[in-house]
Amino acid sequence: MITGFNDSPANYNAFFRKRGDEATGAAGRTRMSTFALFAAYAITATSVLNRFGLGNLCYAAMLCVGLYLFLNMGALLAVIKRAPCVLFTGFIVWVVICACVNSYRVPGVDIVKSAAIALVPIIEVGLLVAVYAERGHLHRVIDLFFWWQFILISLNDLLLLFSPDLFGMESSFLAQYLIGNKFAVVYGHFLLITFFLLRRDGSSDETNNSNLPLFFLVALALVVSVLVDCMTGVIGAVLLYCFNRLVGRFPLVMTKPYILVGVLLLACSFMFVYDEVLNNGAIKFILEGVLNTTTDITGRSQIYEQLPLVLGDHLVYGYGYGTCHILGPLLGNFVDTQNGLAEWVWRAGIPAVVLLCMFLWCCVSRGRKAIADNSPRAIKVVAPLLSYLFTLSVLASVEITVSSAFFIVAFLLASSDCYADRR
């Protein structure tokens, strides 16, 4: 018998009615949180919604996530003052300021609106992740994001195999698939592998550590990369697997913040030394003999030759967010910079890159703290996230990979201490 419980029929009815109300309230909160998480995931998959003419649903998703954050104001106030959130907010503010400064450059195009619509949803998702982590439920984010990503990638690959021409062409040479062009397809596979590793290795079930599913997902990424003719995907899949092993084997070295920031800066400096690198005999053999591509890496060398001249007088404010595909052909012979950090210099100058690197530094520092507090358990959580960031940082040397998924994974890394501790 419960102490102090009067066993009259009326009290029995009141007791069970209260328990029922609590259960109903918990179920309602669970449904609402699931809906908010789905809205957050939808924000990261805007290209799919746009493909079906449902792009306006992204605004509804932003509103839904914002409402959920407002209703969880207590947890929000606890996380919004943390360094990653503060720095990324500063990054967004600077990009919007640069958009305002450059608003006159492309008549008829609202650069400020483009910047806000692209970046505000990312901070919303980052704050949502942080709120879930603060409440000890980040594992729920990982579980749901994994399954939704798995469904999306499965549909994309099935259509790729059985109806490859369904979505036509983005241009005369770049095919479109369910989740975007060939780069979006291979990066989507990388994200699926990351969620799989995070979900498996972060689980308390030590018996569920078979490597067969991982080998299958890596092999699938390799096969799909070949099918869509994306050698970046082949290289990236191998890098992702190797970095995961490397971080797991040497966590105290690989989780030093300056390592990731240094890799990103060093990789993106490729645009300044591409000529010496590409003329190396071993590199020539790999490019021409193994990867079956040219030593100008599909025209990128011409872009890198022009960029320092084009960007030279715009290193503080850039040219404004989303203007490269319009101004690039006018100022040079390109539609994007083909370099992860050069793209942000174009959008918002060197200060944006500095803020971005500071944001990454803080995210990795929190992941390192998770290992210090929860090692060796936390290593299995940090390694997949950090290996994804390392992989995209290396690929940023020749692609625009520092984008929404990159930032969201960084936010997950910043919350890994809560996930590792409370799972």
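This is a predicted model: local features need pLDDT of at least 70, side-chain atom pairs count only at pLDDT 80 or more; totals for chains, interfaces and linings use all residues.
User: Why is the pair Tyr321 and Trp344 called tilted?

Analyst: The planes of Tyr321 and Trp344 stand at 45 degrees. Stacked needs under 30 degrees and edge-to-face needs over 60, so a value of 45 degrees lands in the tilted class. The centres are 6.1 Å apart, and because the limit is 6.5 Å, the rings count as a pair. Tyr321 sits in the loop between helix H15 and helix H16, while Trp344 belongs to helix H17, 23 residues apart. Both residues are buried.

User: And what makes Phe406 and Phe407 edge-to-face?

Analyst: Here the planes meet at 80 degrees, and over 60 counts as edge-to-face, so that's the label. Their centres are 6.1 Å apart.

User: How do you know that Phe406 and Phe407 are buried or exposed?

Analyst: Phe406 has a relative accessible area of 0%, and Phe407 has 1%. Buried means under 20%, so Phe406 and Phe407 are both buried. Phe406 and Phe407 also belong to one aromatic cluster, with Tyr321 and Trp344 among its other members.

User: What makes Arg347 count as lying over the face of Trp344?

Analyst: Arg347 is 4.5 Å from the ring centre.

User: Why is the contact between Arg347 and Glu343 called a salt bridge?

Analyst: The N to O distance is 3.7 Å. The cut-off is within 4 Å, so the contact between Arg347 and Glu343 passes. Both residues lie in helix H17, four residues apart, about one turn of the helix. Arg347 has a relative accessible area of 13% and Glu343 has 5%; with buried set at under 20%, both therefore count as buried.

User: Why are Arg82 and Glu134 called partly exposed?

Analyst: Arg82 comes in at 23% and Glu134 at 25%. The bridge links distant parts of the chain: Arg82 in the loop between helix H4 and helix H5, Glu134 in helix H6, 52 residues apart.

User: How do you know that Asp143 and Arg199 form a salt bridge?

Analyst: Their closest N and O atoms are 3.1 Å apart, and since the limit is 4 Å, that qualifies. Asp143 is in helix H7 and Arg199 in helix H8, 56 residues apart.

Methods:
Residues are numbered from 1 along each chain as its sequence is written. Side-chain values use heavy atoms; hydrogens and water are left out. Rings of Phe, Tyr and Trp (its six-membered ring) pair if their centres lie within 6.5 Å; planes under 30 degrees apart count as stacked, over 60 as edge-to-face and the rest as tilted. Helices (H or I, at least four residues) and strands (E, at least two) are DSSP runs, numbered from the N terminus. Buried means under 20% relative accessible area, exposed over 50%, partly exposed in between (1.4 Å probe, protein chains only). A charge sits over a ring if NZ of Lys or CZ of Arg is within 6 Å of the ring centre and within 35 degrees of the ring normal. A salt bridge is a side-chain nitrogen of Lys or Arg within 4 Å of a carboxyl oxygen of Asp or Glu.
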